[in-house]
Amino acid sequence: MNLQTKFLQIYANLPLGQRTEIVVVVDDEPLTWNAAKIEIENNTNKGKEILEKLVELGILK
């Protein structure tokens, strides 16, 4: 299973209220779960950075 799929599984199980909370900071910009999902689904460079940071933080394995 790739990192994008793992992220989407975690995202799908989050309570709706938690999706608006900050999950990661990339380039001094805090991103919520919702913003991270958009970047990751669109395979942007920022989305790739987000996945890398989530691995570093231990959120994704």
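Student: Is Gly58 buried, partly exposed or exposed, and what is its relative accessibility?

Tutor: At 42% relative accessibility, Gly58 counts as partly exposed, where buried means under 20% relative accessible area, exposed over 50% and partly exposed in between, with a 1.4 Å probe and protein chains only. This is a predicted model, in which local features need pLDDT of at least 70 and side-chain atom pairs count only at pLDDT 80 or more, while totals for chains, interfaces and linings use all residues. Residues are numbered from 1 along each chain as its sequence is written, and side-chain values use heavy atoms, with hydrogens and water left out.

Student: Where is Gly58 found?

Tutor: Gly58 is in the segment after α3, and its phi is positive, near 85°. Helices (H or I, at least four residues) and strands (E, at least two) are DSSP runs, numbered from the N terminus. Gly58 and Lys6 are 52 residues apart in sequence, and their C-alpha atoms are 12 Å apart in space.

Student: How many residues does α3 have, and how far does it reach?

Tutor: Helix α3 covers residues 45-56, which is 12 residues, and it reaches 17 Å from its first C-alpha to its last, close to the 16 Å expected at 1.5 Å a residue. The expected span is 1.5 Å times one less than the number of residues in the helix.

Student: Which residues of α3 are buried?

Tutor: Those are Gly47, Ile50, Leu51 and Leu54. They cover an arc of only 95° around the axis, which puts them on the same side of α3; the arc is that of the directions from the helix axis to the C-beta atoms. On the other side of α3, the exposed residues are Asn45, Glu52 and Glu56.

Student: And what covers the buried residues of α3?

Tutor: The cover includes α1 (3-12), β1, β2 and α2 (33-41), with contact meaning heavy atoms within 4.5 Å.

Student: At what angle do α1 and α3 pack?

Tutor: The angle is about 75°, with the two axes 11 Å apart. Axes here are lines fitted to C-alpha atoms, for helices over the stretch in contact, and angles run from 0 to 180 degrees between N-to-C directions. α1 and α3 are therefore roughly perpendicular to each other, given that angles under 35 degrees count as roughly parallel, over 145 as roughly antiparallel, 65 to 115 as roughly perpendicular and the rest as oblique. Leu3, Gln4 and Phe7 of α1 make the contact with Leu51, Leu54 and Val55 of α3.

Student: Switching to α2, which of its residues are buried?

Tutor: In α2 the buried residues are Trp33, Ala36 and Ile40. They cover an arc of only 60° around the axis, which puts them on the same side of α2. These buried residues pack against α1, β1, β2 and α3.

Student: What follows α2?

Tutor: Asn43 follows α2, and its place is in the loop between α2 and α3. Its phi is near 50°, a positive value in a residue other than glycine, and Asn43 is exposed, with a relative accessible area of 51%. As background, most residues other than glycine have a negative phi.

Student: Now the strands: in which sense do β1 and β2 pair?

Tutor: Strand β1 (residues 22-26) and strand β2 (residues 29-32) pair in the antiparallel sense over four bridges, where two strands pair if DSSP finds at least two bridges between them. Ile22 stands opposite Thr32 in β2, and the bridge partner of Val25 in β2 is Pro30.

Student: How many residues lie between β1 and β2?

Tutor: The two strands form a hairpin with two residues between them, and Asp27 in the turn has a positive phi of about 55°. Asp28 lies in the loop between β1 and β2 and has a positive phi of about 60° although it is not a glycine. At 76% relative accessibility, Asp28 counts as exposed.
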